Amino acid sequence: MSDQQDKDLLALYRRSRQEEPSQLTDMRIRQAAQKAMAARSRKDRRWLWGLSTAAVLVLSFSVVLQVWMVQDSPLVIQKDSVSTSEHMPTPNFLPTPEPPPGGASEAGDRRLENLPAMPMSAAPMPEKTVAKEEPMLQEDQAEIAVDREAFRKKAPAHSLQQSAPEPRLPDAVVIPRLPASVEAFQAMAPRLVVEKSASGLIAVYTANKLILSVQHQPDGLVFKAWPGSEVLGIKLNWQLNPMQLSGCIDDSVYQQCQLQQDVYAHFEGVRLDFIQWNQQ
Amino acid sequence: MSTSEIDDIALLNAWRAGDMKAFDRLYQRFRQPLFLFLMRRGHGQAEAEELFQDCWMKVIDHSNRFDGEHFKAWLYTVARNLSTDRMRKHQPELLGDSDSGHGLTNEVSTERVREGEDCIELVRSSVAALPIEQRDVFLLQHEAGLSLQQIADLMAVGRETIKSRVRYAMDKLKQLLADCI
């Protein structure tokens, strides 16, 4: 009974709904909405003009920078393939050449190259979590000492002009000889998480973060290392990221720019800097 | 969020992006209910039109600040606040006490009840006779189509309070309109 009365009451209420605003009110409101919309699009266009101008400037600068950088040759880091227990010779930070007349290129070069980032599907994130990173040094680690004199002696054909200011050499870089098996990595530091995919790619994680990958290639092993790989003995000044600098224009940071020019790695969608090298 | 609420947001966003037809659709959707809400709340035609226009001006001016999910609730909050401010200034007697169910009531004549027009007029005056909080709840539920929870959020009271007010309002209206239903 009560429900039916409620229904009847509401039906009666609905019949009473007859009033409406006037057409003049409708028109005023619509005009205001149109004006607001027009004002908004004018503001957007102004903003877009500034943005497009800025974009053109940035693009132009990038093109100029790229052209300038291409004029200089890329660097090569050399490391002998002999046992690392011996004192390592000074690496040659040589630009890629014009080969000297009658000369032969050195064997066993290591190159830092821009290669595409490792596809994440090849190195799935492990479920295990490593709580603590353990420092680790191998006996066969070698320190590559950077010596200004040695640099000069071994780089007579350096493309830098004599009149250019002396390049500032990078901080000490340590790239030890590393194993290429899951067991060996696991033995280095038990808390590391090491996985090998079906394609043979070895991925090393610490604290859920990818720090190293190893891939067998026909010409040797290809290593990639990310920040955090210090636990494996790799020492590199990750802070000197050229992409974080205003630009690798200044000759005083020339060497550093060339050393650390790869910046488009990613891990689980997070960009990381990495370095890559070949190991025989 | 209901389908219609998603549509409201979609229309609002489309208008923000430059589609005037979207605004027209949104406006048409709420045109009469919002106007009736203001009239039934106790304002005359002219005052209700003024408040109705003010409400939409606020929506137009502040639409970029609205990033919620419930456009309808926002719209009626604006309308209610404008109405209450106006009443406080000019008709404070309309903002009577509420929950006790003993609020100010306008006198309603039930002597002359005929089918049709008088019942219609009686409905209008009966709603106007409800205490303001019960009137709001009734209108927000049956004119605006808000849920009990949305009404509770809008009026900043508990859901059970809203349910009580709904019950009081319905009972009062049935009493006043007994001859019409």
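I take a salt bridge to be a side-chain nitrogen of Lys or Arg within 4 Å of a carboxyl oxygen of Asp or Glu. By that rule I looked up Arg17(A), which forms a salt bridge with Glu143(B), the closest N and O atoms being 2.6 Å apart. I found eight salt bridges across the interface of chain A and chain B.

I noted the ground rules next. This is a predicted model, where local features need pLDDT of at least 70, side-chain atom pairs count only at pLDDT 80 or more, and totals for chains, interfaces and linings use all residues. Residues are numbered from 1 along each chain as its sequence is written, chains are lettered from A and ligands numbered from 1 in the order in which they are written, and side-chain values use heavy atoms, with hydrogens and water left out.

I then looked up the contacts (heavy atoms within 4.5 Å). I found 27 residues of chain A in contact with 39 residues of chain B.

I looked up the buried area, the accessible area (1.4 Å probe) that two parts lose on being put together, summed over both. Between chain A and chain B it is about 3200 Å², with 61% from carbon and sulfur atoms. In chain A, Tyr13(A), Glu19(A) and Ile29(A) lose the most area to chain B, together 22% of what that side buries.

Last, I searched the whole structure for disulfides (cysteine sulfur atoms within 2.5 Å) and found one over all chains. It joins Cys119(B) to Cys180(B), S to S 2.0 Å. The torsion about the S-S bond of Cys119(B) and Cys180(B) is about -95 degrees, so I logged the disulfide as left-handed.
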